[in-house]
Amino acid sequence: MAWNEYFRALRRVKGLRGALSIICIGTLYCFFWGLVSPIFNIRINEITGSLALSGIMFGIWGLVTMIFDIPFGILCDKFGAKKLLRAALAAYIFITLAYVYVNDVLSLLLLRIIHSTFGALYWVSLWTLIRSVPREYEEEEVNLYTVSSSLGGLFAPFLGSLLIMYISWKLPFYLLSSSFLLLILLTRRIPDQKIVVRKDGFKLLSQEMKSFFRRRKTAAGLTLSILATFFTSSIMGSFLPIILNTYGYNIEDIGIVLTISGSLPWVLVPILILPLEEMREKFSLALGFLLNALGFFLFPLSKELSSLLVAVFLVNAGGGAINPTINAIIGKMARDGERGGYSGLTETLKDIGILAGNFSGGFLLQYLGVPIFYFLGFSCLITIPFILFLFK
């Protein structure tokens, strides 16, 4: 999908009016979270004092959201995603502020559980709203949201690192907490959904799961792609700042890596893969996993900042090819009235990958070390593109 098609779609304001508000919310959300990204995981690791225990804290997200994603998806279809999105944003005001004040493992564990619960509510309701536009605009919106939200986080890590280095590590958290007031105001411009009221939630869940798995090969390929990409991305995303910190790089260096190699690929790659036509999905997924594998292969060989930038860039470039493709496929599979259920189901698959990546990653990194662990990741990733071509 080329950029001229985006602008042609945007001129048809009737279909995308609500989408623009959602895109703004996602873009600002990524920007303000980007401010805390250089210090967030390092702060957690400082409290736990152990990579293995930090992995558990990171993995709490996958465990809790895995439980709530599908129920929240059903609630979106029954009561409207806009209301649930507002509730999640309101909770985030206090959750993000609390990270400044927790100093022990037990308090951190409780905070991670609360954060994960409302995080599930945020992402399921957001993706339900994204997929609620008319089908003729759906693919444009998914890709436009991906690129726009990535642009929002492009310079934020470096800016956040400067605030941390020269003012206070607490300031980015204060800015993040305050930002959710603005996001709540932006939800006023999201059109109310047409809600199909269904009394039997369990029957609704059963129908939506059957609908998803009825396309066996597509569902199998999609499931494999989601699990693999979120397993690897959670490892890189969660432990990268900590590993860089142990290599002796300061917060400003970490901000540079997260900006150039962490955010820029998510802007460039979705644009570059857009012109591919009918076979775009399959080739985009295969390309993404090959880039991921190459990044995992190079990362343990890299110690200089320039070579680390290349390795991390390749990993995130792979994610930039995979994630928009996955989200576009999900949107095509979901029928009207099932957008929330599909969002909940596929977010659950993502959470399983996040849970497995963080739980195993923390232990394996601590006991095997960086080189062996990343070579194991490379061995797994390099086989996936060949498996994908067995699926439709």
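Modeller: We will talk about aromatic pairs and then about one serine. This is a predicted model, where local features need pLDDT of at least 70, side-chain atom pairs count only at pLDDT 80 or more, and totals for chains, interfaces and linings use all residues. Residues are numbered from 1 along each chain as its sequence is written, and side-chain values use heavy atoms, with hydrogens and water left out.

Biologist: How many aromatic pairs are found in the whole structure?

Modeller: A pair of aromatic rings is described by the distance of the centres and the angle of the planes. Rings of Phe, Tyr and Trp (its six-membered ring) pair if their centres lie within 6.5 Å; planes under 30 degrees apart count as stacked, over 60 as edge-to-face and the rest as tilted. A search of the whole structure gives 17 such pairs. One of them joins Tyr29 and Trp123, edge-to-face, at 5.5 Å centre to centre and 85 degrees between the planes.

Biologist: Which parts does the pair of Tyr29 and Trp123 tie together?

Modeller: Tyr29 belongs to helix α2 (residues 13-48) and Trp123 to helix α5 (residues 105-130), so the pair links parts 94 residues apart in sequence. Helices here are DSSP runs (H or I, at least four residues), numbered from the N terminus.

Biologist: Is Ser161 buried or exposed?

Modeller: Buried means under 20% relative accessible area, exposed over 50%, partly exposed in between (1.4 Å probe, protein chains only). Ser161, in helix α7 (residues 156-166), is buried because its relative accessibility is 0%. By contact (heavy atoms within 4.5 Å), Ser161 meets Pro38, Ile251, Glu252 and Gly255, leaving aside neighbours within four places in sequence.

Methods: Helices (H or I, at least four residues) and strands (E, at least two) are DSSP runs, numbered from the N terminus.
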